[in-house]
Amino acid sequence: MSLWMQLRKLFNLEVDNAKMLLTEKLTVLVARITVCAVTFVVGTCTLIFASMGVADILLENLPARWTYLIVAGFYALLMVLLLVFRRRVFVNPVARFMSRVILDPPVSSSSMQYHRDTTNTVVTSESDETK
């Protein structure tokens with residue numbers, strides 16, 4: 001009976017640990033999404049006002065048609081550059097972020113050996129110092 005209770009307690013602890021990990025990872029993910037959404041909205045407003053300012057400056061020397069075509073051409077060029085470099089600009093950073101949030105960092109064999117050595121040498125280092 002005691003073994004069954006211990007297994008049940010272990011299972012409950014594992015479920016609680018999974019809930020805590022899920023909560024932590026979702027918190028990081030939702031926080032990042034919120035920051036990106038706010039940055040997108042503020043950045044869009046900034047781009048609109050900056051575009052109007054550049055158009056007003058260009059209107060002093062050029063006809064209105066050419067001014068708006070220059071501003072539109074700048075955004076078309078920016079869109080083409082983002083499409084060309086989409087993997088480097090969008091895909092890779094998102095993949096790195098998601099892998100950091102969801103996956104645990106890999107443990108290399110050298111760090112495992114170091115961890116084993118440190119746990120074993122803590123007791124022996126005291127005896128080495130006394131010699």
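Select Leu29, Arg32, Ile33, Cys36, Phe90, Pro93, Val94, Phe97 and Met98: these residues line the largest pocket. A pocket here is an open set of points on a 1 Å grid over the protein atoms alone, where a 1.4 Å probe fits, with protein on both sides within 12 Å along at least five of seven lines; lining residues have an atom within 4 Å of a point. The model is predicted: local features need pLDDT of at least 70, side-chain atom pairs count only at pLDDT 80 or more, and totals for chains, interfaces and linings use all residues. Residues are numbered from 1 along each chain as its sequence is written, and side-chain values use heavy atoms, without hydrogens and water.

The volume of this largest pocket is about 180 Å³, taken as the space filled by probe spheres set on the grid points, which are joined across faces, edges and corners. By class, its lining has eight nonpolar residues, one charged residue and no polar ones; Ala, Val, Leu, Ile, Met, Phe, Trp, Tyr, Cys and Pro count as nonpolar, Asp, Glu, Lys and Arg as charged, and the others, Gly among them, as polar.

Next, colour helix H1 (2–59) and helix H3 (86–102), each of which supplies at least two residues of that lining. H3 gives the largest share, five residues. Helices are DSSP runs (H or I, at least four residues), as are strands (E, at least two), numbered from the N terminus. The chain has four helices and zero strands.

Which part of Arg32 sits over the ring of Phe97? It is the charged end, 4.1 Å from the ring centre; the criterion is NZ of Lys or CZ of Arg within 6 Å of the ring centre and within 35 degrees of the ring normal. The C-alpha atoms of Phe97 and Arg32 are separated by 9.5 Å, with the two residues 65 apart along the chain. Phe97 counts as buried at 10% relative accessibility; buried means under 20% relative accessible area, exposed over 50%, and partly exposed in between (1.4 Å probe, protein chains only).

Finally, select Phe74 and Tyr75. Their ring centres are 5.4 Å apart and their planes stand at 65°, so the pair is edge-to-face; rings of Phe, Tyr and Trp (its six-membered ring) pair if their centres lie within 6.5 Å, with planes under 30 degrees apart counted as stacked, over 60 as edge-to-face and the rest as tilted. Tyr75 is partly exposed, at 27% relative accessible area.
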